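Dear colleague,

I am passing on a structure for you to look through, with some notes on what was found in it. Please read the notes beside the model itself.

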Amino acid sequence: MRPLRLAGSADVSSAQRRMALDCLRYLTFALCAQCGRDVRAPSGCCLAIPVLTLSEVLRDFDYGSIMEVLLADEFGFCFGVERAVEMVEDALEVGAPVRTLGPLIHNTQEMKRLEGEGVSTIEAPAEVGEDEIAVIRAHGVTPLVQIQLEQRAALVVDATCPFVTRVQRLAERAAKEGRHVVVAGSPDHPEMIGVVGYAPSNTFVVSDAGEVAKLPPLHAPLVVSQTTLKLQTFLEVAEAVRAKADAEPQVVNTICSATRDRQDAARALAGLVDVFYIIGGKHSSNSIKLLAVCKEQCERSFLIETDGEINPEDLAGVDRVGVTAGASTPNWLIDQVVTRLREIGNRKPN
Ligand code: F3S
């Protein structure tokens, strides 16, 4: 290790702190200029300066010169998306071309990375070749589409999120019992199209409680939800269905907590930081919602896709910066942003 010499200084305490920080940063140790002893020795040096432990140094240090980068408690890939990406990576090991029905993930950078590894997107089952691997993404598909893929592809990898599979199975079972199914969600969303395919004659998809009034009389209905819906909308739909049903409806809350968990974690951090970066696609609805949540308490919140969009001028004089990421943002993009922020924030003490 390279020893540092403590230069004679009236403000020994300040110099000592600075040196201890340098010790941390460069893995060196510090010697007193007077007695030659390590200034961090438990008994102190000849100047009888009370010696600080490194943790005390960091706690007491003027953080105006070092920017803290704080990550929200929940951020980035949700369970279903992470699982789908891992399944695609496993499929690549087989060595055949991998085709996902619809974009696997709403993140341009991650899609480019996967394309570089041999993954491409198709819009219909007819596009998959007999020597190719077809992937069903986390949103799921109808049983008919699944059969079409199985008839054409060499192999079908079903990456439907298990939380979506649960909704499909509930709808299928209720329909087999001759009951109606009301799903609260967006009728055009791929997840909803897939669920309807499991009970096409019995299922109604409604965006809100107002649409329930237009439905025919409902028999012993099951009420479920799109996994990403707001709880309030679901509860209102369930109440409206109750008024139209010939029996007490079976209400099953199938909302996934991933979106809410990320928003709650961002909300908890937003009041503690000066600047907040939300990493995610500019058109990703869950990232846009995260931005809105952060802005409630941290006006200087920015939605960025990559570290290249960080403007160091936005961080001048900033003590604490928060970071979160949408459910489609991969860890490698988050790591790049955090590394860049630490580079910018690692300002040396004056
Ligand atoms: Fe699944 Fe929830 Fe993600 S339903 S795909 S874990 S948002």
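Contact here means heavy atoms within 4.5 Å. Leaving aside neighbours within four places in sequence, Ile-105 is in contact with Phe-77, Val-81, Val-85, Glu-110, Met-111 and Ser-328.

The model is predicted, with local features needing pLDDT of at least 70 and side-chain atom pairs counting only at pLDDT 80 or more, while totals for chains, interfaces and linings use all residues. Residues are numbered from 1 along each chain as its sequence is written, and side-chain values use heavy atoms, with hydrogens and water left out.

Ile-105 also belongs to the largest nonpolar core, which has 21 residues and in which Val-88, Val-98, Leu-104, Ile-105 and Val-135 have the most contacts. Such a core is a set of buried Ala, Val, Leu, Ile, Met, Phe, Trp, Tyr and Cys residues joined through side-chain atoms within 4.5 Å, where buried means under 20% relative accessible area with a 1.4 Å probe, protein chains only. Two or more residues of this core come from each of helix H3 (79-92), helix H4 (108-116) and strand E6 (133-136), and H3 gives the most, with 6 residues. Apart from it lies another core, of 17 residues, including Val-69, Ile-310, Val-318 and Ile-344.

Over the whole chain of 350 residues, 47% count as buried. Of the contacts between residues at least 6 apart in sequence, 68% join residues at least 24 apart.

With best wishes

Methods: Buried means under 20% relative accessible area, exposed over 50%, partly exposed in between (1.4 Å probe, protein chains only). Helices (H or I, at least four residues) and strands (E, at least two) are DSSP runs, numbered from the N terminus.
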